[in-house]
Every structure is written in C-alpha cells, then in structure tokens.
Amino acid sequence: VRAESADEARTVGDLARSYGADSRVVRVALADKGGPEGAGREARREVLARVARSYDAPILLGHTLDDQAETVLLRLGRGSGAHSLRAMRQDATDREGIRWIRPLLHLRRA
C-alpha cells in the first residue's frame, strides 16, 4: 500500500536475522474488500498463519498499548458496545490452534 513498505520489510528482516531469528519477507496482493487497511491486515494474517503452521510455532506481534487504545476507540466508533472494551488480548489461540502473542502490549510505542 505504501511505497516504502518493501524497504521497511527488508530492514526489519535484516534486523531479525542479526538477532538470530529466522525471517521471511513475503509480498502479498490485497483484496478489494475492507479498504486498504483491512485488506492489508487480512493478507498479513493469512501469511503469518501459514508460516506459524509450517513451523508449528506461535506468532509474536508488535502491538503496543497505543495500538490497544486505538483499537478500543475504533471499535467504540463503530458501535461495538461492551465488546469494544475487550480490545486485543495479549495471548490468544484462534480456531485453527494458532497462538497469537503480543509481548509489547503493556508498553507505549515511544
């Protein structure tokens, strides 16, 4: 969606490898539904789930406390009611058995 995305992905991949982590940069095509942000989120989620299954490993996400606040506000704005207050869980397993962990959820982005 953004011109600089590919360069950012390569930089993060290089950083991860410098710490000894396995890293893959995967280009995705966005669907037309859900707008660019929603389509991007869904495409990333599908790729991450595929990798998690291939490694039989959890996915660690970089969401912060600021992202949590944004999620709550966006859900409230959409009229999600009490469900909005739950926002993102720090550790959740989805229906496919993939574990999604947000180890930075208690930290501010700064």
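A salt bridge here is a side-chain nitrogen of Lys or Arg within 4 Å of a carboxyl oxygen of Asp or Glu. Keep that in mind for the tour. The model on your screen is predicted.

**Stop 1: the start of the chain**

Select Arg2, Glu4 and Glu8. Salt bridges link these residues in a network. Zoom in on Glu4 and Arg2. Their closest N and O atoms are 2.7 Å apart, and the two form a salt bridge. Glu4 is partly exposed, because its relative accessible area is 38%. Arg2 counts as partly exposed too, at 41% relative accessibility. A search of the whole structure finds 9 salt bridges. Two further ones come later in this tour.

**Stop 2: Ser23**

Move on to Ser23. Find this residue in the loop between helix 1 (5–18) and helix 2. Is Ser23 buried or exposed? Its relative accessibility is 18%, so Ser23 counts as buried. Now show the side chain of Arg17 as well. A polar contact of 3.3 Å joins it to the side chain of Ser23. Display what else surrounds Ser23. Neighbours within four places in sequence aside, Ser23 is in contact with Gly13, Ala16 and Arg17.

**Stop 3: Arg53 and Glu96**

Select Arg53 and Glu96 together. They form a salt bridge, with the closest N and O atoms 2.5 Å apart. The pair links distant parts of the chain. Arg53 sits in helix 2 (residues 35–55). Glu96 sits in the loop between strand 2 (91–93) and strand 3. The two are 43 residues apart. Check each partner's surface. Arg53 is partly exposed, with a relative accessible area of 47%. Glu96 is exposed, at 55%.

**Stop 4: helix 3**

Highlight residues 65–77, which make up helix 3. How far apart are its end C-alpha atoms? They are 18 Å apart. That agrees with the span its 13 residues should have at 1.5 Å a residue, which is 18 Å. Next, colour the buried residues of this helix: Asp66, Asp67, Gln68, Thr71 and Val72. An α-helix has 3.6 residues a turn, so residues three or four places apart point the same way. Step just past the end of helix 3 to Gly79. There Gly79 takes a positive phi of about 80 degrees.

**Stop 5: Asp67 and Arg109**

Arg109 forms a salt bridge with Asp67, and the closest N and O atoms are 2.5 Å apart. Arg109 lies in the segment after strand 3 and Asp67 in helix 3, so the pair ties together parts 42 residues apart in sequence. Arg109 is exposed, with a relative accessible area of 51%.

**Stop 6: Arg102**

Finish at Arg102, in the segment after strand 3 (99–101). Arg102 is buried yet has no salt bridge. Which side chain of opposite charge is nearest to Arg102? That is Asp67, 8.0 Å away. Look instead at the backbone oxygen of Arg89. The side chain of Arg102 reaches that oxygen at 2.9 Å. Then show the other residues around Arg102. Leaving aside neighbours within four places in sequence, Arg102 is in contact with Leu61, His63, Met88, Arg89 and Gln90.

How values were computed: Residues numbered from 1 in each chain as written. Predicted model: local features only at pLDDT ≥ 70, side-chain atom pairs only at ≥ 80, totals over all residues. Heavy atoms only, no water. Helix = DSSP H or I, 4+ residues; strand = E, 2+ residues; numbered from the N terminus. Expected span 1.5 Å × (residues − 1). Buried < 20%, exposed > 50% of the residue type's maximum accessible area, 1.4 Å probe, protein only. Lys, Arg positive; Asp, Glu negative; His and termini not counted. Polar contact = N/O pair within 3.5 Å; in protein donor to acceptor, adjacent residues only side chain to side chain. Contact = heavy atoms within 4.5 Å.
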